[in-house]
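Please find below my comments on the model under review.

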Amino acid sequence: MINGIIVVHKEAGYTSHDVVAKMRGICGQKKIGHTGTLDPQATGVLPVCLGSATKLCDMLADRDKEYVAGLLLGVETDTQDTTGRILAEHPVEVSREEVCAGALSFVGEYLQVPPMYSALKVDGKKLYELARAGREVERKARPVTIHALEVCSCSPPEAVLRVSCSKGTYIRTLCADLGEKLGCGGVMSSLVRTRVGNFCLEEALTLGQLQELRDRGELAGAVRPVDSMFQDSPVLHVQEEFLRFLENGNVIQPEQTVEKECYAPGRWVRVYRPDESFAGIYAYDRAGGKYRPVKMFL
């Protein structure tokens, strides 16, 4: 079984579940999961976790993301993108400077109302299922953070935005909100996810490329090890005589490690065996004076 992460470049027309199904065939195993849904029309980075790395799925979904999005001003649709039913059209009488100023106003934390065409659930029903049935329900605004929002190009009614944002941000809704702020409405016309955490588009491979690697017996070269996700976390090595505690997922005392370091409470650290194999993520508990397991990859 393959254990690790493959960064897939999802192409248009595939759902995230389609990618997982294709990857099961390519890798010859069932234990595969994806980290963060992309709409069928969207393309870009979709980290796929294999084997023991499926434990990473929820952790990767929490990572910041970066997108390049097309914005079409002067239009409003029910899906907030160009695939939806047109609800209204307006003249576009804004300048590039006004678009840039409007975009800049969203940087920081803002309250975003999730779109009806989304996989969020209300009373056990997915919003997009309700939307397709012609129902609209009240959605609570949620705080999201826009770390950076750059207008890469702008020739109204079209613009291209580069967005760095927190988890849970809907770029379609950001485009619609920006259009509303500019007084002419707006929708997302295209979307490319260029980064998820430290996984970038430059390293991503299409399903076709992965199939070719598999056929040549070179697929292993595309697999990133589980601990590559935690490169920003410090490293601790458990001493040989205390390895049994690690193998059982028990707490580890600083003096039981080679480094004997006490890092800031709550900060994740990568814990390794004496043979340099990765065992799991721990965090220091100052009250107990010990490292407690966050997620084990035994």
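1. Is Gln 80 buried or exposed? Gln 80 is buried, with a relative accessible area of 17%; buried means under 20% relative accessible area, exposed over 50% and partly exposed in between, for a 1.4 Å probe and protein chains only. The residue has a positive phi of about 65° although it is not a glycine. Gln 80 belongs to the loop between strand 5 (75–77) and strand 6 (86–89), where helices (H or I, at least four residues) and strands (E, at least two) are DSSP runs numbered from the N terminus.

2. On provenance, this is a predicted model, in which local features need pLDDT of at least 70 and side-chain atom pairs count only at pLDDT 80 or more, whereas totals for chains, interfaces and linings use all residues. Residues are numbered from 1 along each chain as its sequence is written, and side-chain values use heavy atoms, with hydrogens and water left out.

3. Glu 276 also calls for comment, as its phi is near 75°, a positive value in a residue other than glycine. Glu 276 is placed in the loop between strand 15 (268–272) and strand 16 (278–285). Its relative accessible area is 51%, and Glu 276 is therefore exposed.

4. The peptide bond from Pro 156 to Pro 157 is cis, with omega near 20°. Pro 157 lies in the loop between strand 10 (142–155) and strand 11 (158–165). For context, most residues other than glycine have a negative phi, and most peptide bonds are trans.

5. Asp 177, in helix 5 (residues 171–181), is buried yet has no salt bridge, that is, a side-chain nitrogen of Lys or Arg within 4 Å of a carboxyl oxygen of Asp or Glu. The nearest side chain of opposite charge is that of Arg 139, 9.0 Å away; Lys and Arg count as positive and Asp and Glu as negative, while His and the chain ends are not counted. The side chain of Asp 177 does make a polar contact with the side chain of Tyr 110, at 3.1 Å. A polar contact is a pair of N or O atoms within 3.5 Å; within protein, one must be able to donate a hydrogen and the other to accept it, and residues adjacent in sequence count only if both atoms are side-chain atoms.

6. The largest nonpolar core has 28 residues, of which Leu 149, Leu 161, Val 163 and Ile 171 touch the most other members. Such a core is a set of buried Ala, Val, Leu, Ile, Met, Phe, Trp, Tyr and Cys residues joined through side-chain atoms within 4.5 Å. Strand 10 gives the most to this core, with five residues. A second, separate core of 19 residues includes Met 59, Leu 60, Val 226 and Phe 297.

7. The count of disulfides is zero, a disulfide being a pair of cysteine sulfur atoms within 2.5 Å. The sulfur of Cys 57 is 4.1 Å from the closest cysteine sulfur, in Cys 49, which is too far for a bond. For Cys 154 the closest cysteine sulfur is in Cys 100, at 6.1 Å, again too far for a bond. Cys 57 is buried at 18% relative accessible area, and Cys 154 counts as buried at 14%.

8. Overall, the protein has seven helices and 17 strands. Of its 298 residues, 47% count as buried.
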